[in-house]
Amino acid sequence: MSEALESLLDLLDIERIEENIFRGQSRSAVVPRVFGGQVAAQALVAAGRTVPEDRLAHSLHAYFLRIGDPGAPIVYSVDRIRDGRSFTTRRVVAVQHGQPIFHLSASFQTYEEGMEHQAPMPPAPDPETLPTAAELLPRYAEVLSDPVVVERILEARESVDLRYVDAPPYGTVGEVREPRSQVWFRTNGKLADDPLLHVVLATYVSDMTLLDSILLAHGRGGWVTGDVVGASLDHAMWFHRPFRADEWLLYDQESPSASGGRGLGQARIYTQDGKLAISVIQEGVVRVPR
């Protein structure tokens, strides 16, 4: 396991300070604020630690309320909404400086047999044939002129190996493309067999690229080039089948709409052998700077 992945796991291993209250640390993302995926993942950890181990996360619905301060800890308060025969529901509020910055509802279910069908996995190249972040970023050095941004992207990719199937938005600035994007991802190292841990890591990564397809439709490079400003507004995930976040997962993303300063991204995440593991939807603020 890489040191960067160990550091990420430490970040997500929040501290229990009361029965239903947890505290997590923060750190800056590519932009100077708390990464939304970090808050969502930590909140899911808090919820999961109040649920019996035989109940697995099957969905989450979240709202990003305020920008997080990377210099301050985050307190997570868990409300035990319901403990039924098959389903358990938890509500989590993340607080910084006395104000809520994030709200999450998560549902957990005991395993049971049921009807089976799924959308087929779309075609995608072998992830091992695609460039790593360290190989990709130098190609766009002129666009990514801020060395701090490049350094932070590389730091994030030390814990999670994320590979674009086609050029990222900052690679084709000014070129309008189909609002679709694919990336392969996995952690840079093996994880324990705890199912919650794999769900939490997938939640963390899910906020990294989901709004890319919006940018592609307008020829924008994104937050790393400064030609748009934005932030996640809400985020929903459904976990359909078992998966491992330390094995390759295909993140197939598209944007059906953008209007009113907001853009919608939706995606499916498949295991390498073609099983539909996760569905994701997110809306975000996407504005052109004045």
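**Entry 1: an arginine to start with**

I began at R244, which counts as partly exposed at 24% relative accessibility. My cut-offs: buried is under 20% relative accessible area, exposed is over 50%, and partly exposed is in between, using a 1.4 Å probe and protein chains only. Next I looked up D246, which is buried at 6% relative accessibility. The side chains of D246 and R244 meet in a salt bridge, 2.9 Å from N to O. For that term I need a side-chain nitrogen of Lys or Arg within 4 Å of a carboxyl oxygen of Asp or Glu. Side chains of opposite charge can pair when their charged atoms come close.

**Entry 2: what I'm looking at**

This is a predicted model, where local features need pLDDT of at least 70, side-chain atom pairs count only at pLDDT 80 or more, and totals for chains, interfaces and linings use all residues. Residues are numbered from 1 along each chain as its sequence is written, and side-chain values use heavy atoms, with hydrogens and water left out. I noted that pLDDT is the predictor's confidence in each residue, from 0 to 100. The protein averages 93, and 98% of the residues score at least 70. Which element has the lowest mean pLDDT? I found helix α4 (residues 147-159) there at 80, while strand β5 (residues 87-96) has the highest at 98. Helices (H or I, at least four residues) and strands (E, at least two) are DSSP runs, numbered from the N terminus.

How many salt bridges does a search of the whole structure find? I wrote down 13. One of them joins the side chains of E19 and R80 at 3.8 Å, N to O. E19 sits in the loop between β1 (15-18) and β2 (21-24) and R80 in strand β4 (residues 74-83), so this pair ties together parts that are 61 residues apart in sequence. E19 is exposed at 54%, whereas R80 is partly exposed at 35%.

I also checked R186 and E128, whose closest N and O atoms are 3.4 Å apart in a salt bridge. R186 belongs to strand β8 and E128 to the loop between β6 and α3, so they tie together parts 58 residues apart in sequence. Then I found a network of salt bridges linking R180, D252 and E254.

**Entry 3: strands**

I turned to β6 (residues 99-110), which runs antiparallel to β3 (residues 55-64) and is joined to it by nine bridges. Two strands pair if DSSP finds at least two bridges between them. H61 stands opposite S105 in β6. β6 also pairs with β5 in the antiparallel sense, over 10 bridges, and there V93 has H103 as its bridge partner. β5 and β6 form a hairpin with two residues between them, and H97 in the turn has a positive phi of about 55°.

**Entry 4: the inside**

The largest nonpolar core has 66 residues, and Y76, F102 and I278 have the most contacts inside it. Helix α2 (residues 36-48) gives the most to this core, with eight residues. I count as a nonpolar core a set of buried Ala, Val, Leu, Ile, Met, Phe, Trp, Tyr and Cys residues joined through side-chain atoms within 4.5 Å. A second, separate core of eight residues includes V165, L250, Y270 and L276.

Last, I went back to α4 and listed its buried residues: V149, V150, I153, A156, R157 and S159.
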